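Hi everyone, thanks for making the time. I'd like to walk you through a structure, so please have a look at the screen.

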Amino acid sequence: MSIINYASREIQFKIVYYGPALCGKTTNLSYIHQRINPLNRGDLVSLATAADRTLFFDFLPLNAVVIKGFVTKFQLYTVPGQVIYNATRQLVLRSADGLCFVADSQWEKMEENVESFKNLEENLAKQNVALDEVPCVLQYNKRDLPNIAPVNYMEYVLNNRRKRLQSFEVISSTGQNVFAALNAVSQILLHKFSKQSDVPQTVAPPVAIPVQPALPQNEGVSV
Amino acid sequence: MTGIPVLTIEDVATLDGVLGDFLKKAEAELTVVIDRGGNVISQFGDRNVTDVTIIAALAAGSFAATRELARRIGEVEFNALYHQGNGSHMFMNSVDDDNIMITVFGPRTTVGLVRFYSAAAAQNVSGILKKLQRNGHGLEFTAADIAAAPIFTE
């Protein structure tokens with residue numbers, strides 16, 4: 001749950017990266033940590049096993065824009081994707097203000113994506129929260145791999161609902177659309193937070209926002 | 001609890017008073033009040049110790065993780081945890097169902113003293129937090145304020 005402090009003029013938000021095991025949640029946070037101005041971030045904390053699998057969570061605190069004199073502070077968390085760690089996922093999900101669901105685009109991971117998304121809805125329901133109430137975006141990650149499902153298929157499997165979520169084609173290992181997805185969920189939650197309670201979530205485009213062609217970017221991203 | 005908690009300047013001053021008094025009596029170095037989701041609500045003391053937001057996230061996780069341990073021996077949760085270091089130590093105690101208080105202290109004091117004074121401090125903090133305004137944060141901004149610049153840039 002966000003907290004607003006009029007003395008320090010800060011607003012805190014919590015965004016949770018959710019998704020199946022090895023889908024790229026930690027890679028998202030690592031990329032953000034590498035690329036964002038060090039003055040605007042804290043340390044990336046990873047509670048991982050010896051094999052670099054997330055055991056508890058990853059955590060990255062960020063400072064963002066100043067709105068009306070208030071500094072917005074975002075805390076990014078990942079959940080452990082492995083099925084057995086559901087109690088930990090419930091804990092990390094507690095009082096989340098925004099969600100970024102990371103799906104693995106590979107065909108063989110589709111069932112795990114669906115299971116994880118269902119698990120997300122179940123865990124939110126245990127906190128008496130419906131997915132529609134939480135700002136959320138979808139990432140279709142690993143779009144650079146050869147055996148991936150088409151975006152339309154992933155939209156049908158994961159985003160086939162009355163109120164569709166904004167979705168992004170992502171390559172988290174190179175950072176493609178990582179910041180776009182983070183900015184989108186942040187925008188949606190700030191809109192929700194603002195007094196304009198009638199502002200709708202950004203209308204989802206007919207297909208996911210595609211990965212940019214691998215040309216030099218303005219900011220010279222080449223990882 | 002529902003609604004976004006709002007800490008007014010008066011709330012922060014009151015909390016600072018309670019926490020400052022506690023630190024002085026317990027001779028501890030830093031105290032942080034967090035919610036169980038890991039958000040920092042208030043802090044008082046030596047702010048240069050470390051990144052408090054990271055302490056908050058980890059402490060919330062640690063507190064929640066031990067809840068299951070407590071259940072195994074028939075408790076609802078452990079309402080206090082003590083982490084002993086060589087020179088610096090940490091004491092965490094439950095404020096109420098939604099909040100936790102963390103105290104960092106060194107060799108100048110003892111865990112007994114910190115534990116003794118933290119009980120009363122937690123009760124006072126709980127009283128203040130229960131009265132926080134939650135029915136509208138009063139901070140109005142428009143879509144243009146949000147869209148003026150990308151929130152995060154590479």
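How many helices and how many strands does chain A have? There are five helices and eight strands in chain A. Please keep in mind throughout that this is a predicted model. If you trace chain A from the N terminus, the order of its elements is β-β-α-β-β-β-α-β-α-β-α-β-α. Chain A has 223 residues, and 54% of them count as buried. Now take the contacts in chain A with a separation of 6 or more: residues 24 or more positions apart account for 72% of these.

Let's zoom in on one helix of chain A.

While we're here, let me point out A:Ala208. Where does A:Ala208 sit? You'll find it in the segment after helix 5 (178–193) of chain A. Is A:Ala208 buried or exposed? With a relative accessible area of 2%, A:Ala208 is buried. Setting aside neighbours within four places in sequence, A:Ala208 is in contact with A:Tyr140, A:Val151, A:Glu155, A:Ser167, A:Phe168 and A:Glu169. For a sense of distance, A:Ala208 and A:Lys73 are 28 Å apart in space, C-alpha to C-alpha, and 135 residues apart in sequence.

A:Lys73 takes us to the pockets. The second largest pocket has a volume of about 530 Å³. It is lined by 25 residues, and the closest to its centre are A:Glu10, A:Lys73, B:Val40, B:Gln43 and B:Thr53. Which elements give two or more residues to this lining? From chain A, they are strand 2 (10–18), strand 4 (54–67) and strand 5 (70–78); from chain B, they are helix 1 (9–26), strand 3 (40–45) and helix 2 (52–72). Strand 3 of chain B gives the most to the lining of this pocket, with four residues.

Rolling a probe the size of a water molecule over the atoms shows where empty space is left. How many cavities of 30 Å³ or more are there? The count comes to one. The largest cavity has a volume of about 60 Å³. Its lining is made up of A:Lys14, A:Phe57, A:Tyr77, A:Leu91, A:Val92, B:Arg36, B:Gly37, B:Ala57, B:Ala60 and B:Gly61. Helix 2 (86–93) of chain A and helix 2 of chain B are the elements that give two or more residues to this lining. The largest share, three residues, comes from helix 2 of chain B. The lining of the largest cavity divides into six nonpolar, two polar and two charged residues.

Let's finish with the aromatics. Over all chains, a search of the whole structure finds twelve aromatic pairs. One of them is B:Tyr82 with B:Phe105: the ring centres are 6.2 Å apart and the planes are at 15 degrees, so this pair is stacked. B:Tyr82 lies in strand 4 (residues 80–83) of chain B and B:Phe105 in strand 6 (residues 99–105) of chain B, so the pair ties together parts 23 residues apart in sequence. B:Tyr82 is partly exposed, at a relative accessible area of 32%, whereas B:Phe105 is buried, at 1%.

B:Phe116 and B:Tyr117 also pair up: here the ring centres are 5.0 Å apart and the planes are at 80 degrees, so this pair is edge-to-face. B:Phe116 is exposed, with a relative accessible area of 58%, and B:Tyr117 is partly exposed, with 27%. Finally, A:Phe13, A:Phe74, A:Phe193 and B:Phe152 form one aromatic cluster.

How values were computed. Residues are numbered from 1 along each chain as its sequence is written. Chains are lettered from A and ligands numbered from 1 in the order in which they are written. This is a predicted model: local features need pLDDT of at least 70, side-chain atom pairs count only at pLDDT 80 or more; totals for chains, interfaces and linings use all residues. Side-chain values use heavy atoms; hydrogens and water are left out. On a 1 Å grid over the protein atoms alone, a cavity is a set of points where a 1.4 Å probe fits but cannot get out, and a pocket is an open set with protein on both sides within 12 Å along at least five of seven lines; lining residues have an atom within 4 Å of a point. Grid points are joined across faces, edges and corners, and a volume is the space filled by probe spheres set on the points. Rings of Phe, Tyr and Trp (its six-membered ring) pair if their centres lie within 6.5 Å; planes under 30 degrees apart count as stacked, over 60 as edge-to-face and the rest as tilted. Buried means under 20% relative accessible area, exposed over 50%, partly exposed in between (1.4 Å probe, protein chains only). Ala, Val, Leu, Ile, Met, Phe, Trp, Tyr, Cys and Pro count as nonpolar, Asp, Glu, Lys and Arg as charged, and the others, Gly among them, as polar. Contact means heavy atoms within 4.5 Å.
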